[in-house]
Structure formats: C-alpha cells, structure tokens
Amino acid sequence: MGLLLKIFIPLLGVALAFYFYSAPENFSEEMLRGKRVIVTGASSGIGEQMAYHLARMEAHLLLTARTEAKLQKVVKRCLELGAASARYVSGSMEDTTFPEVVVKEAENTWGGLDMLILNHIGYTYFNYFDGDVAHIRKLLEINFLSYVAMTVSALPLLKESEGSIVVVSSMAGKTGAPFSAPYSATKFALDGFFSSLRHEFIIDKVNVSITLCILGYIDTENAVRVVSHAIRSAPAPKEECALEIIKSGALRQRELHYPSRVVGSMLLLQAIAPEFLDSLTRSGYKVENIRR
C-alpha cells in the first residue's frame with residue numbers, strides 16, 4: 001500500500017496539473033511595484049510573510065490583525081525591506097464594523113486599492129466535534145462573514161482599479177477531514193461564495209479577479225502547535241507559500257494549490273475515487289493522540 005501511494009500520488013499530481021491548468025503567465029515582481037494592497041491576518045504566519053514579500057516588491061501596504069504590538073513590528077520590518085509605504089489598522093474581525101474601517105483607511109490614504117488579500121482566521125479547536133453550535137456561529141463570523149464584508153466594502157475601489165481579490169482557504173474547504181468540522185464549514189462557505197461571485201463578475205463584465213488559495217498543511221506557528229501531534233505529514237514552508245499566494249493573485253489565477261503535488265493529487269482523487277481519498281485521509285492522522 002505504501003509503495004503504491006508513493007507511485008500513485010505524484011502521477012496524480014502531474015495529471016491534475018495538465019488537466020486543469022495551462023502554462024501560467026510568467027510572474028514578475030514589477031507587477032506589484034507601487035500596488036496598493038490590504039493584507040488581513042498580517043501579524044504572524046502566512047500573512048506576515050506575504051507582507052515581507054510585498055515589501056521587497058515595493059508595494060504600498062495596509063496590514064490588519066488583532067494585536068497592535070505585533071503589527072507595529074511587522075510594519076517596521078516592511079519599511080526596512082523597501083515597502084513603498086506601510087501602515088496598519090488593528091482590530092478584531094468579530095467587530096462587524098471593522099472591515100469598513102479598514103477599507104476606508106485605504107481609501108483615505110491611497111485614494112484606491114489594487115489587491116485585497118483575505119487571510120485572517122479565528123481560533124478553533126482540533127478535535128472531535130463537541131456539539132458547540134455557538135462556536136461555529138462565531139467562527140463563521142470571523143472566517144467567512146468578515147471576508148464577505150471586506151469584499152463588499154472594497155469592491156467599489158477594486159472595480160475602479162480592475163484589481164484582485166485573493167482568498168486564503170484550505171483543503172479543508174474542498175474535502176472533509178476529521179477533527180476540524182467547524183473550521184472546515186467556514187472554508188467550504190468561502191469556496192461557495194467566492195466561486196459564485198466570480199460567475200457574477202464574468203456575467204456583468206466586472207474586471208476584478210478572484211483567486212481562491214487551497215492550502216495544505218503549512219508550518220505556521222499556530223498550525224504546528226495545534227495539529228503536529230496528530231498529523232503524520234511534514235508541513236510546507238510558510239515563506240514559499242506566501243510567495244505563491246502573491247504570484248497567483250498577481251497572475252489573476254482562478255485557484256492556487258499549495259503544495260501543488262499534494263493538494264492536486266487529493267483534488268483529483270476526490271473527483272475519481274472519493275472513498276479511497278477518505279481512507280487515505282484518515283490514515284494520515286495519529287488518532288491515538290486525539291483526546292476528546
């Protein structure tokens with residue numbers, strides 16, 4: 001079984017790449033120079049790394065997260081790395097008025113917006129679903145509804161600039177996995193909403209791209225702390241992940257799959273052998289390390 005998977009999964013990844021994607025346009029850092037970019041969830045993890053990459057590309061940055069002290073450090077580092085400008089707005093996406101505050105700051109500062117990168121996430125547990133409906137409701141507010149609110153607030157500016165929306169999602173939003181039911185629900189919601197919105201943009205000839213980023217296990221501090229005891233696979237690097245997200249948004253791609261081989265293989269298996277994928281998924285967990 002192990003040998004079969006070692007042969008089968010890479011072949012699936014290659015097949016998926018050829019089946020779903022043509023060769024992408026070449027990326028150049030010049031694409032981001034001088035661009036006005038909002039990055040949410042930018043005080044740590046993937047969001048922090050995106051801020052640093054964008055700073056090196058000389059973009060204008062507006063960063064958001066809950067913790068002001070962390071944002072101050074990230075902004076300082078972005079300016080050192082060469083950002084055209086960098087500022088922050090601290091606050092919680094649980095506050096339903098906060099998305100409008102962030103976008104208004106961008107409008108007042110720059111007079112417009114070229115790229116909206118939605119990356120923030122609320123705290124959740126990694127365990128058997130405990131029946132807590134209130135937790136799912138709160139998580140939906142942060143992981144989904146605030147993404148919608150940010151998009152609604154930013155859309156007039158993005159329409160004017162013919163800009164881009166980049167949505168950071170997860171394999172948990174494409175296929176079910178154990179121990180992450182609340183989180184998975186919010187990520188499936190993102191896929192449904194933004195995929196539907198993309199259709200409407202095309203119908204109405206709105207030249208704003210939507211890129212959905214389907215990520216696997218990434219070595220952010222939070223992810224490693226929460227799931228490393230129970231997942232057999234090794235995480236992919238957050239620095240490379242952040243760069244691939246930026247590239248996909250700049251190239252206006254429909255979806256990013258990262259790590260490409262792993263995520264691509266799983267998506268193809270979902271289409272052609274869903275029960276095998278379910279079995280494979282369960283085998284990737286150290287269930288004995290999950291405590292109810």
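Student: Where does K205 lie in this predicted model?

Tutor: K205 sits in the loop between α6 and β6 (209–215).

Student: What is there to read in the phi of K205?

Tutor: Begin with the general idea: most residues other than glycine have a negative phi, and most peptide bonds are trans. K205 is not a glycine, yet its phi is positive, near 55°.

Student: Is K205 buried or exposed?

Tutor: K205 counts as exposed, because its relative accessibility is 74% and the cut-off for exposed is over 50%.

Student: Which value does phi take at F179, and where is that residue?

Tutor: F179, also not a glycine, has a positive phi of about 70°. F179 is placed in the loop between β5 (164–170) and α6 (181–203). With a relative accessible area of 9%, F179 is buried.

Student: Which residues does the cis peptide bond join?

Tutor: As a rule, most peptide bonds are trans. Here a cis bond links Y258 to P259, with omega about -5°. P259 is found in the loop between β7 (255–258) and α9 (260–272).

Student: How many disulfides does a search of the whole structure find?

Tutor: A disulfide is a covalent bond between the sulfur atoms of two cysteines. The search of the whole structure finds zero. For C78, the nearest cysteine sulfur belongs to C241 and is 17 Å away, so C78 is in no disulfide, the cut-off being within 2.5 Å. For C213, the nearest cysteine sulfur is again that of C241, 7.8 Å away, and C213 is likewise in no disulfide.

Student: Are C78 and C213 buried or exposed?

Tutor: C78 is buried, with a relative accessible area of 0%. C213 also counts as buried, at 0% relative accessibility.

How values were computed. Residues numbered from 1 in each chain as written. Predicted model: local features only at pLDDT ≥ 70, side-chain atom pairs only at ≥ 80, totals over all residues. Heavy atoms only, no water. Helix = DSSP H or I, 4+ residues; strand = E, 2+ residues; numbered from the N terminus. Buried < 20%, exposed > 50% of the residue type's maximum accessible area, 1.4 Å probe, protein only.
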